[in-house]
Amino acid sequence: MELVLGIESTCDETGVALVRGRELVADVVASSMQEHARFGGIVPEVASRAHLEALVPTLHEALSRSGHTLGDVDAIAVAAGPGLVGSLTVGVAAAKALALALDRPLYGVNHVIGHAAVDELVHGPFPERTMALVVSGGHTSLLLVEDIATGVTELGRTLDDAAGEAFDKVGRLLNLPYPGGPQVDRLAREGDACAIAFPRALTAPKDRQRHAYNFSFSGLKTAVARWIEACEDSGRAVPVADVAASFAAAVADVLVTKTLDACERHEVDTVVIGGGFSANSQLRERAMNAGANRGIDVRIPPLKYCTDNGAMIAALGSALVARGVKPSAWTMGVDSSMSLETVSV
Ligand code: KG4
Ligand code: ZN
């Protein structure tokens with residue numbers, strides 16, 4: 001089976017991995033997250049420079065851990081979108097240089113679909129039809145996967161904020177350090193999820209038709225802000241743990257209910273949840289419990305494969321090679337808003 005090198009550089013993680021078939025051979029990630037913390041968000045220029053500096057050392061480290069040399073690599077996969085243009089360009093330029101020098105095929109792949117594909121390395125091949133919920137700071141997407149290499153349909157997405165982004169914004173409202181997501185999760189575990197009835201967007205009967213599988217979190221974030229303001233105006237101390245718990249429950253509830261409804265309507269009995277937000281404990285717990293109640297198998301890879309990494313790109317590249325999909329052209333560019341139905345370019 002072919003040895004596939006995967007390169008990830010869509011946002012603030014530089015990832016390089018080697019995969020053979022569905023076996024992960026080596027996986028190394030360098031992150032520039034700390035460099036962005038003082039700005040309270042990712043600075044694209046800073047991220048691009050960090051990729052430029054980290055890429056070759058990360059590649060060397062991955063090769064050295066794998067016991068392979070570059071000459072052993074049979075194909076190269078790289079995330080070509082969606083993501084930050086400058087960051088993507090660093091990874092794609094490196095992948096082109098390697099593919100050209102080694103005379104190997106090059107596959108520009110979809111980062112978001114990679115978040116689902118990586119689960120095949122952990123839990124084995126997907127059944128014929130799988131539902132994928134990809135949730136991160138940048139994405140909230142529901143995908144019907146009939147073939148991870150050739151058949152992905154986007155059922156829905158967020159119309160505004162991504163789930164992780166909403167958590168980061170609520171973290172800011174509660175004066176928590178960036179990124180707020182994990183801190184809101186921690187606080188939520190100490191609070192009462194039923195204390196405040198925050199809205200569940202796009203779940204009303206009128207929205208069920210048009211937006212059955214779409215999400216929206218910006219109204220929820222505003223509702224949290226208003227609730228905190230009203231509390232402060234009345235001179236009461238803000239019950240931060242209850243706010244966090246009630247907010248987190250609203251997010252998890254909508255994500256899980258819509259995903260499992262989609263499974264039932266499309267007669268799918270397996271869900272994979274990927275992306276950095278799948279670390280969220282309220283989502284994990286609710287998905288596992290509701291999945292068990294409704295007879296749906298919920299697969300969530302270990303956290304290190306949910307945050308951005310090279311293994312997800314190598315895994316998708318390996319699936320493309322196995323299906324005999326045509327490699328990308330040398331003229332391939334990067335696509336910051338790549339369609340979620342484009343598996344490879
Ligand atoms: O996939 P990821 O590492 O980066 C991209 O956005 O591509 O996802 C990070 C996002 C951030 O918004 C972060 O705050 C959020 O996921 N996040 C969490 C948790 N861990 C990470 N949000 C809530 N609870 C968590 N445990
Ligand atoms: Zn990602």
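The model is predicted, so local features need pLDDT of at least 70 and side-chain atom pairs count only at pLDDT 80 or more, while totals for chains, interfaces and linings use all residues. Residues are numbered from 1 along each chain as its sequence is written, chains are lettered from A and ligands numbered from 1 in the order in which they are written, and side-chain values use heavy atoms, with hydrogens and water left out. Ligand 1 is surrounded by 17 residues, and the space that it takes is the largest pocket. The structure also holds two cavities of 30 Å³ or more.

**Ligand 1 and its shell**

- Among the 17 residues around ligand 1, the closest are Gly137, Asp168, Asp185, Gly276 and Asn280; a residue counts as near if one of its heavy atoms lies within 4 Å of the molecule.
- Helix 6 (163-173) and helix 7 (181-188) each supply at least two residues of this shell, and helix 6 gives the largest share, four residues.
- Helices (H or I, at least four residues) and strands (E, at least two) are DSSP runs, numbered from the N terminus.
- The shell has five nonpolar, eight polar and four charged residues.
- In this classing, Ala, Val, Leu, Ile, Met, Phe, Trp, Tyr, Cys and Pro are nonpolar, Asp, Glu, Lys and Arg are charged, and the others, Gly among them, are polar.

**Polar contacts of ligand 1**

- A polar contact with the ligand is a pair of N or O atoms within 3.5 Å.
- Aspartate 168 has a polar side-chain atom 2.6 Å from an oxygen atom of ligand 1.
- For aspartate 308, a polar side-chain atom lies 3.4 Å from an oxygen atom of ligand 1.
- Asparagine 280 places a polar side-chain atom 3.0 Å from a nitrogen atom of ligand 1.
- On its own, ligand 1 has 550 Å² of accessible area, of which the protein covers 84% (Shrake-Rupley method, 1.4 Å probe).

**The largest pocket**

- A pocket is an open set of points on a 1 Å grid over the protein atoms alone, where a 1.4 Å probe fits, with protein on both sides within 12 Å along at least five of seven lines; lining residues have an atom within 4 Å of a point.
- A molecule sits in a pocket if more than half of its atoms lie within 2 Å of the grid points.
- The volume of the largest pocket is about 1,300 Å³, where a volume is the space filled by probe spheres set on points joined across faces, edges and corners.
- Its lining has 44 residues, of which Cys11, Ile42, Ser136, Gly137 and Gly138 are the closest to the centre.
- Strand 3 (23-31), helix 4 (111-117), strand 7 (140-147), helix 6 and helix 7 give two or more residues each to this lining; helix 6 gives the most, with six.
- By class, the pocket lining has 14 nonpolar, 21 polar and nine charged residues.

**The cavities**

- A cavity is a set of grid points where the 1.4 Å probe fits but cannot get out.
- The largest cavity holds about 50 Å³ of space and is lined by Thr203, Arg208, Ala212, Thr257, Lys258, Asp261 and Arg265.
- Helix 10 (residues 240-265) gives the largest share of that lining, four residues; by class, the lining has one nonpolar, two polar and four charged residues.
- The second largest cavity has a volume of about 40 Å³, and its lining consists of Leu133, Val256, Thr259, Leu260, Val271, Ile273, Ala287 and Val298.

Definitions and conventions
A polar contact is a pair of N or O atoms within 3.5 Å; within protein, one must be able to donate a hydrogen and the other to accept it, and residues adjacent in sequence count only if both atoms are side-chain atoms.
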